[in-house]
Amino acid sequence: MPGPVRGVLFDKDGTLIDFEKTWLPGLLSAARQLVETHNIETDVDSLTRAAGGDPKKGTVAPGTLLAQGTAIEVAELWCGLVPALPTVNETAAWLDSYWLDHAEHNLAPACDLKQLFLTLRTQDMRIAIVTNDAERGAWDMVEALGLGDSIDFVAGYDSGHTPKPAPDMLEAFLRAEGLAAHETVMVGDSRADMEAGRAAGCRAAIGVLTGATPEPKLTPLADFIIPDAGHLPNLLLSGAMT
């Protein structure tokens with residue numbers, strides 16, 4: 001019989017933070033703001049669509065760069081399509097700044113995060129945030145929501161680890177906290193989260209429905225599906241993973 005779950009790794013956007021309320025407008029407006037800032041003539045909507053957004057429908061497709069990619073990946077795509085843009089690193093830095101500023105003013109938790117983390121602490125859990133956003137974005141969220149006392153580990157795409165779906169960020173948490181992979185679960189809203197959890201050997205990859213991936217597409221990827229992260233403590237106590 002496996003032992004108890006002792007660690008939880010959370011994705012950030014779409015998992016701890018409601019994807020649509022917090023990020024959608026900023027993701028869809030980024031290309032337009034970028035080319036206007038640099039006074040570049042181009043088909044802005046084609047840039048947005050290339051990264052997975054639909055400006056007319058106001059949606060972002062699951063599994064695309066705007067849904068789960070890093071600023072570097074989006075910058076590489078857009079700089080390849082529009083050579084007049086600054087360098088990839090400069091464009092990525094601009095995107096990070098634009099998106100983080102947008103999120104700061106539209107931060108919408110996916111559930112009662114203080115209660116969630118308090119409950120997990122009473123279950124003696126170690127808690128990590130592993131995101132393909134910049135590390136600063138995760139710490140900004142932690143600070144804004146007063147969650148600092150509950151978080152043991154934070155990693156972003158720029159923290160020195162290969163971004164998800166690679167397991168590197170998850171494995172760094174395991175090393176930092178002295179945990180075995182089978183003692184942890186990965187909670188997220190995307191294919192990248194589920195694949196990272198499996199690649200790291202986590203006990204379970206748990207999908208939530210507060211992100212960009214609809215339930216029919218997330219269900220085949222996840223070991224369990226919960227409506228939002230707030231339902232995690234009950235799932236852990238249910239014995240379903242023993």
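Student: In which loop does Asn39 lie?

Tutor: Asn39 lies in the loop between α2 and α3 (44-50). Helices here are DSSP runs of H or I with at least four residues, strands are runs of E with at least two, and both are numbered from the N terminus. Before we go on, remember that this is a predicted model: local features need pLDDT of at least 70, side-chain atom pairs count only at pLDDT 80 or more, and totals for chains, interfaces and linings use all residues. Residues are numbered from 1 along each chain as its sequence is written, and side-chain values use heavy atoms, with hydrogens and water left out.

Student: What is the phi of Asn39?

Tutor: Phi of Asn39 is near 55 degrees, a positive value in a residue other than glycine.

Student: Which residues does a cis peptide bond join?

Tutor: Lys164 and Pro165, with omega about 15 degrees. Pro165 sits in the loop between β5 (153-155) and α9 (168-177).

Student: Why is α5 called oblique to α6?

Tutor: Start with the values: helix α5 (residues 71-81) and helix α6 (residues 88-104) pack at an angle of about 125 degrees, their axes being 8 Å apart. That angle makes α5 oblique to α6, because under 35 degrees counts as roughly parallel, over 145 as roughly antiparallel, 65 to 115 as roughly perpendicular and the rest as oblique. The axes are lines fitted to C-alpha atoms, for helices over the stretch in contact, and angles run from 0 to 180 degrees between N-to-C directions.

Student: Which residues of α5 meet α6?

Tutor: Contact means heavy atoms within 4.5 Å. In α5, the residues are Ala71, Ile72, Val74, Ala75, Glu76, Trp78 and Cys79, and they meet Val88, Asn89, Thr91, Ala92, Leu95, Asp96 and Trp99 in α6. Ten residues of this contact are nonpolar, two polar and two charged. Here Ala, Val, Leu, Ile, Met, Phe, Trp, Tyr, Cys and Pro count as nonpolar, Asp, Glu, Lys and Arg as charged, and the others, Gly among them, as polar.

Student: What makes α2 oblique to α6?

Tutor: Helix α2 (residues 24-37) and α6 pack at about 135 degrees, with axes 10 Å apart. That angle makes α2 oblique to α6. From α2, the contact includes Pro25, Gly26 and Leu27, and from α6 it includes Thr91, Trp94 and Leu95. This contact has eight nonpolar, six polar and no charged residues.

Student: How many cavities of 30 Å³ or more does a search of the whole structure find?

Tutor: One. On a 1 Å grid over the protein atoms alone, a cavity is a set of points where a 1.4 Å probe fits but cannot get out, a pocket is an open set with protein on both sides within 12 Å along at least five of seven lines, and lining residues have an atom within 4 Å of a point. Points are joined across faces, edges and corners, and a volume is the space filled by probe spheres set on them. The largest cavity has about 290 Å³. It is lined by 24 residues, and Asp13, Leu66, Ala67, Gln68 and Gly69 are closest to its centre.

Student: Which element gives the largest share of that lining?

Tutor: α4, with four residues.
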